[in-house]
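Thank you for making the time this morning.

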Amino acid sequence: MRKIIHVDMDAFFASVEIRDNPRLAGLPLVIGGDPQARGVVSTASYEARKYGIHSAMPARRAGELCPSAVFMRPDIAKYVEESHVILEIFRRFTPTVEQASIDEAYLDVTENYLGNPSATLIAMAIRRAIFEERGITASAGVSFNKFLAKMASEKRKPNGLSVITPAAAPAFLAALPIEKFHGIGEVTARKFLKMGVKTGADLLQLDKTILTANFGKAGDFYYHIVRGEDDRPVVTEYERKSVGRETTFQQDLVDMAQIRAETVLLAEKVSARLTENQLAGRTVTLKLRYENFQTVTRALTGENRIYRAADIAQTALTLLEKTMLPGRKVRLLGVTVSNFAEEEAPETLPPVQLEFNFDPPPENF
Ligand code: TTP
Ligand code: MG
């Protein structure tokens, strides 16, 4: 069983501005476009949210709801920089970090640098580090897959931590209103309501064929998430872009059979990593470095996404034939697969606040 943490900063843009100008603390603060020029709200401090102000609302409307609110334009470069600094904090705990947006990330802490089996404890340490080092608060959710970790992080916002254990997941999901499922947008929720599906418990009653007939591939996703099944891996930035392996040889290779054999070996390693992370790509890149450090890379993009060792090897060998100058000494060989299809991005929901009673997690989660 995996242990996944989802971290999401609280009122991110507003929190950064309040940290940098403490006189704003406690005030209703709206970060967004010009209210006079049809700007929209990027985010609002929790004080401003009490007036009904929220993201994506016309800034003019926000001004009507709370005339005393402070309005500020966003400083995106500053928030992107902050996001990078926070990413480095995450990476002190585990290498398996996936940045999902400017202010949220998934961490797979099944194995982690602290060698601590308690994901709850790690989530606490991460929240503390962000607060102490960056002066802003984050909320975190802990569970055994990405979907439930995301749902958990929204439960105790702002500045909260919540855990959905395997034992607690079925009851949590059954009670969850259909429109609160992350990945079920407004349109889908309305369709479900028309079908009489109001909660997770109702969704559980629908079999897979009905779901896929109505919602296509997404139907399959809904079928599984309501059962607490979500095997999407936490994909690091590196893996998101490409998966590659290269070898520098102790002694330069000149024998073509040996160079081919090494290419096949690299294809196998890349294939193993792709399989592990459920990735497949359309582009194979071969990298060749000769003894004089002259480096050549050549890529081939196919129709289909591939991940099998044999397919990768075949393309890499084709590239080798086209690229390799016979008789030259090869110092380094590399094989990379990239051009992964976009992840099935679920429709994003605006942040939601949920109220649930919650039992403290057992020690081991
Ligand atoms: P969110 O995490 O959705 O919101 P938030 O961090 O402001 O508040 P919460 O405590 O509920 O997590 O988005 C992160 C940032 O992205 C947010 O601070 C501003 C920006 N953003 C927009 O610019 N427009 C939008 O519609 C949304 C939803 C966010
Ligand atoms: Mg946030």
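Predicted model: local features only at pLDDT ≥ 70, side-chain atom pairs only at ≥ 80, totals over all residues.

How do the residues of the shell around ligand 1 divide into nonpolar, polar and charged? Seven are nonpolar, three polar and five charged, where Ala, Val, Leu, Ile, Met, Phe, Trp, Tyr, Cys and Pro count as nonpolar, Asp, Glu, Lys and Arg as charged, and the others, Gly among them, as polar.

Residues are numbered from 1 along each chain as its sequence is written, chains are lettered from A and ligands numbered from 1 in the order in which they are written, and side-chain values use heavy atoms, with hydrogens and water left out.

Around ligand 1 there are 15 residues, each with a heavy atom within 4 Å of it, and those that come nearest are Ala11, Thr43, Tyr46, Arg49 and Asp103. As for polar contacts, meaning pairs of N or O atoms within 3.5 Å, a side-chain N or O atom of Tyr46 is 2.6 Å from an oxygen atom of the ligand, a polar side-chain atom of Arg49 lies 2.8 Å from a ligand oxygen, and for Asp8 the corresponding distance is 3.1 Å.

Turning to the helices (DSSP runs of H or I, at least four residues), the crossing of helix 10 and helix 11 is right-handed, that is, the near helix is turned clockwise from the far one by less than a right angle.

Key:
Polar contact = N/O pair within 3.5 Å; in protein donor to acceptor, adjacent residues only side chain to side chain. Helix = DSSP H or I, 4+ residues; strand = E, 2+ residues; numbered from the N terminus.
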